[in-house]
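Here's a quick tour of a model for you to click through while you read. Have your viewer ready.

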Amino acid sequence: MSAVWRAARAAVRRRRLQTLVIGVTVLLSTATLVVALGLLAVSSGPFDQAFSRQSGAHVTAAFDAGKVTDAQLARTAHSAGVEAFAGPFGQAVLNVPATADIVRAGNRITVVGRADPAGPVDRLNLWAGHWATRPGQIVLEAPPLAGNSSVGAKIAISSGPTLTVVGMASSITRTADAWVAPSQIAALHPTGTQMDYRFTSAATSAEIRTDLAPVTDGLPRGALLNSTSYLSVKDRVDSGPGTLVPFLLVFGVLGLTVAIVIIINVVSGAVVAGFRHIGVLKAMGFTPNQVVAVYLLMVCVPAILGCVVGTALGDLLAKPLLKKAFESFISAGVILPARVSPWVDAACLLGVPVLAGLAALVPALRAHRVSAVEAISAGSRQQAGRGLRVQRRLSGTRLPRSVSLGLGLPFARPARSALTMVTVVLGVASVTFAIGVSASLTRLQNDDPGHNSAGIQAVLLAGGRTGPETGRAATKLGDAGTQARLRSLPGAVNVTAETHAALAIAGSARRIDTVFYRGSTSNFGFKVVDGRWYRGPGEIVLSSGQLYQSGLAVGDGLTLALGGRQTHLTIVGEVLAGPGDSFADWTTLERLSPRAAARSYDVQLAPGTDANAYLAKALAADPGLSRGQPPSASTTALVIISFSSLITLMLGAVSVLGVVNTVVLNTRERRRDLGMLKSIGMTPRQVTAMVVTSMAALGAIGGVLGVPLGVAAHRLIIPITGRAARFDLPGSIIDVWSTPMLGLLALAGVVIAALGALVPAGAAARLTIAEVLHSE
Amino acid sequence: MTSEDDTEQDNGTRQVVVRLDGVRKEFGDTTALDGVSLEIRAGEAVAVMGPSGCGKSTLLNMVAGLDRPTAGSVVVHGEDLGALRETGLALFRRHHIGMIFQFFNLLDDLPALDNVALAAQLTGTPARHARKRALELLDELGIADRRNTYPAALSGGERQRVAVARALMNRPALLLADEPTGALDSRSGEQVMDLLLDLNQIGQTLLMVTHDPRLATRCATRLVEVTDGRIARQSSLERTA
């Protein structure tokens, strides 16, 4: 074994560049794979695990306490399909001041009376303080994160008692915003009763609907106020990482394929170039298996090193990405590992070198078969050329001879050229895919008015605490007066007042964040996917995400509440916007909060108007106004764009390395030819041109093949990502390609090939002729 | 057969094609050439002989512009090669030098005709014209019928003839030959010798490096003997039949 090891070590030393190419290729590919698999592993596990650990409720149902008794509800537990239940618990919706002490609840919270945090269903994670056991105590729902604890804080209930926060707990399906002792809930005038159910089969929405039917069968009509399925919660928390996983998987697969192709190419090249070496080894007494072992070791040593460093790099890259991707998990109280799962690291550390070894095995077996004499003579004999017909034809063309010779070179080693072309194809596909992704996301942001900076050139904030809750304006001229004043300033084309409110769905703990506009929104660029934009009071437009989460559809009715008032709305449209957004007219808001004032004013300016000058005039006109931040890009989109750019650069670099490897092999094999060509007067520039042309031709073909592959991946992945992010993407988001753009992308293959060929071509141009021509 | 130190008598009036003046070449601690001075005039056929490692191939490389001297000057066809950069040297070789190697150095991917035409095509000569001239040369060298044969299928002698044709393609001022018969059987070697002799007789200046005394006496008009990087002796030769 030591002889094999020594021979392999010597081979590694002798082929430093190839060793480096294998090492770096495996490193970059492994890093990409670790990130992709790491994200996939984390995204597919935590919710289910936490849900099972906390015995989460498949359905949380709120019943009208006036229509159904606790005894009736207790009997529902014996309905067909019910596996376990918790309740009945008294439920009250309370108004509380929006202070920092209540971390998540806001100023309208659903409080449930529970005797303890345990139980057969919805076992709460009491992560700070203790449970509320007597009146005057309250436990708040919040994810177990540092700085989230409000234990000791006092909460004054509007027209009610003041409660002390004695504990912090998290519920996997967030069945309530807070809990109190059963003896306390009666004093809070509960209007509903909560029941938490687990069913024997609840994998799909259809199964849950079927499960719920016998539960409500014997109850009075209208007794069920609302029910929340765990699937919508699961779906919401899964949607964060769901957007990133498809991208990363594509890049991971591309990276690994490129690595395998390059390893096969490198080892094949090493076997062909090392025929004499193989012959010498065999002549010395190495068995065929030992020769194979030498070649496998030669590949596995740099592959293992590259894999180890690549895994570490992948772990490092994955950290910020996991944090960003799983924001929704953390906010749902699911505790996530801070790093890539150890099995992913183990699988990559073990799998990638094995894969590299397997890739090396096929060409290494060639070294096994060849006899010593054959190997030694093959290493020195004059070989018949390949691709002769092509060379012949090219020599007769009008092209400069260095170019025509270069074009013919790939035909001399068709297998190697094919592998190199595959490398280029995958590199171009990566670039195309990444550019498509960036273009789609950019277009998506431009279509999302929340991020559209084109429609709104200036934003002015109304000072102080304003909005529907307080019902007052802090501006000097009042709300409507400020809007009129801003509109009268020179340069203003349109001024739209805007405010936000979290509206409660009647009888539910759930809320819908709604944006209300007063004024024209026609230039905001809203992309209506289904139905139409609202036309007046009583109409609301929901984002695709909101519709998906709530299980509603365009045409459905919805009763929303704010500050004790309710209004019935019809969903008239589905709009492309952030998953949590919905939109309605100011007149709708006036039904819920007649004195509501705008929080901000979105100003569209006439072309050529200086936004800063306008803002200065506006601020001077009313000191109650302040300058607002212009709309900014979505951080998830930025993460995807920057990450795909980074991986594209990595895969591009790997493709370039693949080309470098091929050119090095080609020029080493053709040292004698190069020397001869230089001896008969080929200039260094012509040598460089010839070598670069040989790869540029492959690059051009690779570009032409790689672009459709990248476009296909983009067309496949973007809709999947859209569905994962709960967006119904219109065709304009997917059709981002134009002919000039595709033409330029096809040139990326030439660029990759030329970049890869340039350095070894330069080395070939500097070749010392005397050395190569006199040795044989 | 030989007469010593009379090299300038016959050729004194002819143009100097090669002038080496105090040429020294070192490879690390090894001195390959040590103060070599030599003149070759137009129409001469000079054979350089000496034991292995004496520096004769290095001398040939200096004249071809394939290598640069550590000291001294090399002037070929009026061009000081030391003053030329890599591209300049390539252009110089292209137009003024033809080279023949022991192992032929033909491109395996091209048939004989295209191997020969290649030298002209590098100068920008259109493929059609280059092939026409290449065919003429192959015809003159007696292997026109092998024009479409690839090097791997040619005999050693045929390959060397193709190499000679390629070397002559751009009508060089100087034909350099490095062991041109070294890899050939005796019959093929004889053919190549005849060829070189014929070329010289029609005015081609020739500089050969060889171990083969038969080649020197058959083809050369002057013998330069090199030992330990120095010219040990120069003598005129009378060609044998």
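Leaving aside its neighbours within four places in sequence, which residues is Val116(B) in contact with? They are Ala134(B), Leu137(B), Leu138(B), Val162(B), Ala165(B), Arg166(B) and Met169(B), where contact means that two C-beta atoms, placed from the backbone, lie within 7 Å.

## Ground rules

This is a predicted model, so local features need pLDDT of at least 70 and side-chain atom pairs count only at pLDDT 80 or more, while totals for chains, interfaces and linings use all residues. Residues are numbered from 1 along each chain as its sequence is written, with chains lettered from A and ligands numbered from 1 in the order in which they are written.

## The cores

Val116(B) also turns up in the largest nonpolar core, which has 197 residues; together with Ile263(A), Val116(B) touches the most other members. Helix α15 of chain A (residues 414-447) puts in the largest share, 16 residues. A second, separate core of 66 residues includes Val111(A), Leu124(A), Ala504(A) and Val541(A).

For the terms: a nonpolar core is a set of buried Ala, Val, Leu, Ile, Met, Phe, Trp, Tyr and Cys residues joined through C-beta atoms within 7 Å. Buried means 20 or more other C-beta atoms within 10 Å of a residue's own, exposed means 12 or fewer, and partly exposed is in between, with C-beta atoms placed from the backbone. Helices (H or I, at least four residues) and strands (E, at least two) are DSSP runs, numbered from the N terminus.

## Chain B

Chain B has 8 helices and 11 strands, and buried residues make up 54% of its 241 residues. Take contacts between residues at least 6 apart in sequence: in chain B, 67% of them join residues at least 24 apart.

Now look at α6(B) (residues 156-168) and α7(B) (residues 186-201), which pack at about 20 degrees with axes 8 Å apart. Axes are lines fitted to C-alpha atoms, for helices over the stretch in contact, and angles run from 0 to 180 degrees between N-to-C directions. The pair is therefore roughly parallel (under 35 degrees; over 145 is roughly antiparallel, 65 to 115 roughly perpendicular, and the rest oblique). On the α6(B) side, Gly156(B), Gly157(B), Gln160(B), Arg161(B) and Val164(B) meet Ser188(B), Gln191(B), Val192(B) and Leu195(B) of α7(B).

## Where the chains meet

Between the chains, 30 residues of chain A are in contact with 31 residues of chain B. On the chain A side, α13 (388-395), α14 (401-412), α21 (671-679), α22 (684-724) and α25 (769-774) each supply at least two residues, and α21(A) gives the largest share, 5 residues.

Two of those helices, α13(A) and α14(A), cross at roughly 170 degrees, their axes coming within 9 Å. They are therefore roughly antiparallel to each other. Val390(A), Gln391(A), Leu394(A) and Ser395(A) of α13(A) make the contact with Ser404(A), Leu407(A), Gly408(A) and Phe411(A) of α14(A).

## A buried arginine

Which helix holds Arg485(A)? Arg485(A) sits in α16 (residues 478-488) of chain A, and this arginine counts as buried because 20 other C-beta atoms lie within 10 Å. Leaving aside neighbours within four places in sequence, Arg485(A) is in contact with Leu477(A), Ala621(A) and Asp622(A). The C-alpha atoms of Arg485(A) and Ala618(A) are separated by 8.3 Å, although the two residues are 133 apart along the chain.
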